[in-house]
Amino acid sequence: MLHPASVHEFVFRKLVAKRDQRACASIMFRNRIIRRHRRNCDPMRLSRRNALSTCGCFAIMLSSSKLGLADDDNYQPFCASIPNGRVSLAQTSGSTGDAALDGALIYETRRIRNFFNVRPGVRILDDSGSPNAFAIPDALISGTHGTVLLGSTLIQSELMNHMGGLAVGGIVAHKCGHIVQFYSGIVNKLMQGETTARLVELHADYMAGFYFGVRSASKELDVKPFATSLFSKGDWAFNDPRHHGTPQERTKAMYAGFDFGKEYDSTVMQAAARGIRYVRSA
Ligand SMILES: [Zn+2]
């Protein structure tokens with residue numbers, strides 16, 4: 001059986017096990033993707049439309065959403081879920097309920113996967129209770145490695161609050177950064193001697209920044225929406241195993257990766273190594 005864990009839960013479990021404390025609580029996700037976001041909530045639809053048309057990220061290829069699904073037989077645009085601590089594909093969806101948004105997500109996700117040279121499956125989940133997204137090491141779909149779970153509420157929230165197709169792209173890049181960590185041993189390396197997930201999370205922020213930095217080398221990108229998004233997700237829960245870093249630390253880590261990607265012609269693994277050094281000194 002699969003034992004899925006988000007990177008946060010993954011790290012949390014390791015810490016808990018290490019200290020022989022209570023078992024990690026599993027995450028429950030309901031078996032329903034709320035479709036209310038696709039319906040007529042005018043401000044939301046307007047906001048999303050604006051975001052998609054101005055983000056320079058998800059705006060691309062909206063009209064080719066079908067192509068994004070059809071032109072690669074092996075490509076699984078979305079794929080996974082976490083009920084009772086176990087993964088069930090049935091508890092996720094392959095669609096946000098909005099064809100244009102799906103197309104943009106598929107396009108951007110493919111781009112990020114290719115960039116990081118990883119092949120996680122990607123699925124949409126109902127996170128209506130708590131906006132979130134997850135990367136898990138389990139491959140739930142044949143032919144994929146690891147899984148990225150994107151909350152439908154989180155996506156909508158990002159598009160509304162941060163005007164950020166780019167912020168959503170950044171979240172996917174952050175998750176793919178975790179996938180790189182899973183398969184390269186970086187998670188274990190960064191967790192050594194640590195009591196929180198802070199270094200792992202800042203490293204994923206760095207890698208997401210690196211992705212945008214490389215893209216920005218050829219065409220300038222405004223990553224402020226993603227920086228704002230990260231800032232809003234920082235925390236001061238220094239003793240919580242799930243501590244992600246303060247708002248300032250998260251933003252700085254992303255910009256450090258961004259600058260590195262923009263200035264240096266580096267591979268993903270070179271950036272990952274640089275990111276390790278960065279977060280250890282942050
Ligand atoms: Zn993370």
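**Stop 1: two crossing helices**

Select helices α8 and α10. In this predicted model, α8 passes α10 in a right-handed crossing. To find them, pick residues 198-218 for α8 and residues 247-263 for α10. Their axes come within 6 Å. The crossing angle is roughly 35 degrees. Which kinds of residue make up the contact of α8 with α10? There are 15 nonpolar residues, five polar and five charged.

**Stop 2: the whole sheet**

Now show the strands. The protein has four of them, along with eleven helices. Four strands form an open sheet in the order β1-β2-β4-β3. The pairing is mixed. As background, strands of a sheet pair through backbone hydrogen bonds, and the pairing can be parallel or antiparallel.

Which strands stand at the edges? Select 92-93 for β1 and 133-136 for β3. Each has a single partner strand, so one side of each is left without a neighbour in the sheet.

**Stop 3: the partners of β2**

Select β2, residues 121-125. Look towards β1. The pairing of β1 with β2 is antiparallel, over two bridges. Click Thr92, and then Leu125 in β2, its bridge partner.

Now turn to β4. β2 and β4 run parallel, and five bridges join them.

**Stop 4: the side chains of β2**

Keep β2 selected and show its side chains. In a regular strand, side chains alternate between the two faces of the sheet. Here Gly121, Arg123 and Leu125 point one way. Val122 and Ile124 point the other way. Is β2 enclosed or open? Five of its five residues are buried, so β2 is largely enclosed by the rest of the structure.

**Stop 5: a helix over the sheet**

**Stop 6: zoom out**

Show the entire protein. It has 282 residues, and 51% count as buried. Take the contacts with a separation of 6 or more: residues 24 or more positions apart account for 75% of them.

Finally, colour by pLDDT. The mean for the protein is 73, and 68% of its residues reach 70 or more. Select residues 1-84, where the pLDDT is below 50. In the model, this stretch has 165 contacts beyond near neighbours in sequence.

Notes:
Residues numbered from 1 in each chain as written. Predicted model: local features only at pLDDT ≥ 70, side-chain atom pairs only at ≥ 80, totals over all residues. Buried ≥ 20, exposed ≤ 12 C-beta atoms within 10 Å, placed from the backbone. Contact = placed C-beta atoms within 7 Å. Axes fitted to C-alpha atoms, helices over the stretch in contact; angles between N-to-C directions. Left-handed = near helix turned anticlockwise from the far one by under 90°. Nonpolar A, V, L, I, M, F, W, Y, C, P; charged D, E, K, R; others polar. pLDDT = per-residue confidence, 0-100. Pairing = 2+ DSSP bridges.
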